[in-house]
Amino acid sequence: LKSKHSPLPLDSSIGSKKKNQIPSTDCYSYAIVACLKERKFEEAVSLVHEVQDGGFEIDHFLAFSMVRALVSAGYLEEALEYREKLEKNGLKPSLKLIAVLINGCIYRKMNEKAVELSREASKIKNFVRNDEWTLKSVINAYGQAGMWDEVVSALEMYRKRGIYPSLESYKTALKVAERLNKEDE
């Protein structure tokens with residue numbers, strides 16, 4: 001299998017440890033991303049398991065790619081467990097990684113866990129400027145849980161930190177408000 005997005009072969013040769021040839025974590029990261037772009041979720045998960053079994057040192061990009069692959073393939077519980085394992089090993093989750101988990105929880109209707117992760121994301125001090133994806137995930141999580149005041153608080157908190165929500169974030173908030181109003185009727 002070859003990806004149209006990457007010249008790398010996406011088969012078992014990625015992880016094979018030929019003489020003096022051990023693939024780097026970057027190689028795995030890009031191979032996982034290529035599998036995801038091609039919607040080859042099970043192949044991406046196979047690569048995730050290769051990395052886990054290979055004893056590699058995990059960086060933020062690889063951790064994000066691995067968690068995204070697990071969530072995309074429907075292995076949310078494994079992704080949540082892996083995230084905890086990463087933290088125990090000293091790797092703090094990035095906002096993007098938390099956003100992937102929030103979206104997975106929203107999709108699986110795990111509203112309490114989505115809200116818990118949203119609160120965790122809100123406590124992280126080093127927000128990436130213009131991180132709209134995480135903000136929209138947080139808005140949706142609070143909206144799914146029917147927590148309009150939390151939606152407003154999240155928008156205010158982002159603004160206070162110098163991250164000005166885009167039109168897309170406000171549209172997401174308005175959709176949440178519209179849905180909550182319909183539920184109240």
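1. In this predicted model, helix α4 passes helix α6 in a left-handed crossing. Helix α4 covers residues 76-88, and the two helices pack at an angle of about 30°, with their axes 14 Å apart. An angle under 35 degrees counts as roughly parallel, and therefore α4 is described as roughly parallel to α6.

2. Which residues of α4 and α6 make the contact? On the α4 side they are L80, R83 and E87, while α6 brings K113, L117 and E120 to the contact. Sorted by class, the contact of α4 with α6 has two nonpolar residues, no polar ones and four charged ones, a make-up that the reader can keep in mind for the next helix pair.

3. Helix α6, which spans residues 111-123, also packs with helix α5, which spans residues 95-107; the axes of these two helices come within 8 Å and cross at roughly 160°. Angles over 145 degrees count as roughly antiparallel, so α5 runs roughly antiparallel to α6. The crossing of α5 and α6 is left-handed, and the crossing of α4 and α6 is left-handed as well.

4. The residues that α5 brings to its contact with α6 are L95, I98, L101, I102, C105 and I106, and they meet K113, A114, L117, S118, E120 and A121 of α6. By class, this contact of α5 with α6 has nine nonpolar residues, one polar residue and two charged residues.

5. The contact is made by T134, L135, V138, I139, Y142 and G143 of α7 together with E150, V151, A154, L155 and Y158 of α8; by class, it has eight nonpolar, two polar and one charged residues.

6. Turning to the spaces in the model, the largest pocket has a volume of about 190 Å³. Its lining consists of R68, V71, S72, G74, L76, V100, N103, G104, Y107, R108 and W133, and the elements that give two or more residues to this lining are α3, residues 60-72, and α5. Which element gives the largest share of the lining of the largest pocket? That element is α5, from which four residues come. By class, the lining of the largest pocket has five nonpolar, four polar and two charged residues.

7. How many cavities of 30 Å³ or more are counted? The count comes to one cavity, and the largest cavity has a volume of about 50 Å³. The residues lining the largest cavity are H60, A63, F64, R83, L86, L91, K92, P93, S94 and L97, and the elements that give two or more residues to this lining are α3 and α4. The most comes from α3, with three residues, and by class the lining of the largest cavity has six nonpolar, two polar and two charged residues.

8. Finally, some parts of the model return under more than one heading.

How values were computed: Residues are numbered from 1 along each chain as its sequence is written. This is a predicted model: local features need pLDDT of at least 70, side-chain atom pairs count only at pLDDT 80 or more; totals for chains, interfaces and linings use all residues. Side-chain values use heavy atoms; hydrogens and water are left out. Axes are lines fitted to C-alpha atoms, for helices over the stretch in contact, and angles run from 0 to 180 degrees between N-to-C directions. Angles under 35 degrees count as roughly parallel, over 145 as roughly antiparallel, 65 to 115 as roughly perpendicular and the rest as oblique. A crossing is left-handed if the near helix is turned anticlockwise from the far one by less than a right angle, and right-handed if clockwise. Contact means heavy atoms within 4.5 Å. Ala, Val, Leu, Ile, Met, Phe, Trp, Tyr, Cys and Pro count as nonpolar, Asp, Glu, Lys and Arg as charged, and the others, Gly among them, as polar. On a 1 Å grid over the protein atoms alone, a cavity is a set of points where a 1.4 Å probe fits but cannot get out, and a pocket is an open set with protein on both sides within 12 Å along at least five of seven lines; lining residues have an atom within 4 Å of a point. Grid points are joined across faces, edges and corners, and a volume is the space filled by probe spheres set on the points.
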